[in-house]
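Thanks for asking me to look this one over. Here are my notes, point by point, for you to follow alongside the model.

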Amino acid sequence: MPSKRHLAALAAALLAASLAIVAQRASAADVLLSRNKPTAASSVESSAYAAQYAVDGDAASRWASAEGSDPQWIRVDLGSAVPISRVRLVWEAAYASAYRLEASADATTWTTITSVSGQNGGTDDHTGLSATARYVRMYGTQRGTAYGYSLFEFEVYGPGGQSSADYQAEDASLSQAAVAANHTGFTGTGFVDYVNVAGGWIQWTVSASAAGPATLTVRYANGTTANRPLDFAVNGATVATGVAFNPTANWDTWTTQSVTATLNAGTNTVRATATASTGGPNVDKLTVATTGSPSPTGSASPTGSASPTGSPSPTTSPGTPFTVAAAGDIAEQCTASSSSCQHPKTAALVTAMNPAFVLTMGDNQYDDARLSDFQNYFDKTWGVFKPKMHPAPGNHETYDPAGSMAGYKSYFGSTAYPQGKPYYSYDYGNWHFIALDSNTLTDSAQLTWLQNDLAATTKGCVAAYWHHPLFSSGEHGNDPVSRQAWQLLYAAHADLVLNGHDHHYERFGPQSPTAAADPFGLVEVLGGMGGASPYDIVNVQPNSQKRLSGTFGVLKLSFTDTTFSWQLIGTDGTVKDTSPTYTCH
């Protein structure tokens, strides 16, 4: 006789089979619970290494105990008893070779979650834990060096966060579309090929455990040379129109495009309708990502997401400081299997920063920025930030044999072309951000758009970014292609310009477009050290205040409603440069 367990499994399988759409994969991410929560420690080396610095999310700050004695500990107060599923420790050179992770309800009686020995420092990521506690501590019993114990990060996670499910297109309801399998690279048993008419649609039935926002991501291929746009409706109401599904070089090359929507608790319908006479793209599947329990108060999750103009507005509270990660010249054709490959290391810095969003200043992918190169290299490292990334193109994006910026456009989709152009703007807090395409920065269309965009913004602070710098002490030197944009920004009292192209770090004091020192001028930061081979400093320019060559890293930009500053964080986790704090004009 089958066991109750087998009968339950059979019933579940039959129920799943009866659904019109089958969710083939679901996963849930952990929520970071410890960020900026109260801490305590058995000792500190000095006030510069207080326990709080292990939970602040800053890859350059750390807790350090007194030297030369065991045991030592650091604990975090999560505020209430919560489930614990993961603890991640990022050690400085002074690490623990043996320690216990412990949990407590009252910070007096402790229970061991896990105990380890023979450790060698670096990052210890303890997953699959099962405990419920208000307090969690690392209790070091044996030092790995003659020094003390020192942690860059002490991160405690609990179950929750974002869950996602895949819905195959071939299982959906179809109109003016058919299931096919005559190309390669699809998942499931096939894909859906729209008939070449307007009005054909694919409709999925999807589930949500609770009402709330969701990201709807379509995996598609478009082997033509033209956009095949789709309209999206959820439960019969239109949520996005004319969403671009741009060419992917051929029908065997797949990429993704996403829209946001609000789902009801329980069953929902999602329909994607072709709007052009050529029909829609080939569609492989729909991935629905929903947010579960929100991050606890005090976590570093941003209070709003930066969205391009035309997308949902961010919900940042007035006066809330926020962090942005930025770099240019990023992904060489290499992977983490090569110790000399730098873009996996710079991506790790971004992860540690946990920024509100990420900017890129061009040459995202080398050498010719094909879509396949983006998928094989950039996507494996910096691609994890794609949902909150706002890229700008560089000259290498124009070298694609499939057409200038074809791979860039296919990979990023509407993220990089929110208005159908490779230049766009968006707001966050009291800041207005502008991404420009410096490959065409002298074209009147882009300059007119920039002038109108600056005139329309009501934000108190303005930052712009693109690839080719007007001022550089590196091998490429000053690039006059940027001068007209600088003049427009200067006239509009903008504050900050970020560039790449020369593979070094450099910051300039406030200046005019003619390189005259000017307290009301623009501050330029050149951040071309995201992973590409470094360039030399050749000819130091006026107003250049700091230059570093051969240093790979990421800009950690700090913004308030009225000020900005930044640090350059190197791939060794240390601060290589700290800027002054500037006030917006």
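1. A word on naming before we start: helices and strands are DSSP runs, numbered from the N terminus, and a strand needs at least two residues. Please also keep in mind that this is a predicted model.

2. Let's begin with Asn543, which sits in the loop between β30 (523-527) and β31 (544-548). Its relative accessible area is 22%, so Asn543 is partly exposed; the cut-off for buried is under 20%.

3. What does the side chain of Asn543 reach? That side chain comes to 2.9 Å from the backbone oxygen of Ala515. Beyond its neighbours within four places in sequence, Asn543 is in contact with Arg507, Phe508, Gly509, Gln511, Ala515, Ala516 and Ala517. Pro510 is 33 residues away in sequence, yet its C-alpha lies 7.7 Å from that of Asn543.

4. Now for Ser43, found in the loop between β2 (39-41) and β3 (63-64). Ser43 counts as buried because its relative accessibility is 17%. Its side chain makes a polar contact of 2.8 Å with the side chain of Gln72. Setting aside residues up to four places away in sequence, Ser43 touches Trp63, Ala64, Ser65, Ala66 and Gln72.

5. Finally, the nonpolar cores. The largest has 56 residues, and Trp382, Leu498 and Leu555 touch the most other members. Strand β22 (residues 322-327) supplies the largest share of this core, five residues. Apart from it lies another core of 30 residues, including Tyr194, Ala208, Val218 and Val288.

6. Have a look at Leu498 too: leaving out residues up to four places away in sequence, its contacts include Ala326, Trp466, Val525 and Leu555.

Terms used
Residues are numbered from 1 along each chain as its sequence is written. This is a predicted model: local features need pLDDT of at least 70, side-chain atom pairs count only at pLDDT 80 or more; totals for chains, interfaces and linings use all residues. Side-chain values use heavy atoms; hydrogens and water are left out. Helices (H or I, at least four residues) and strands (E, at least two) are DSSP runs, numbered from the N terminus. Buried means under 20% relative accessible area, exposed over 50%, partly exposed in between (1.4 Å probe, protein chains only). Contact means heavy atoms within 4.5 Å. A polar contact is a pair of N or O atoms within 3.5 Å; within protein, one must be able to donate a hydrogen and the other to accept it, and residues adjacent in sequence count only if both atoms are side-chain atoms. A nonpolar core is a set of buried Ala, Val, Leu, Ile, Met, Phe, Trp, Tyr and Cys residues joined through side-chain atoms within 4.5 Å.
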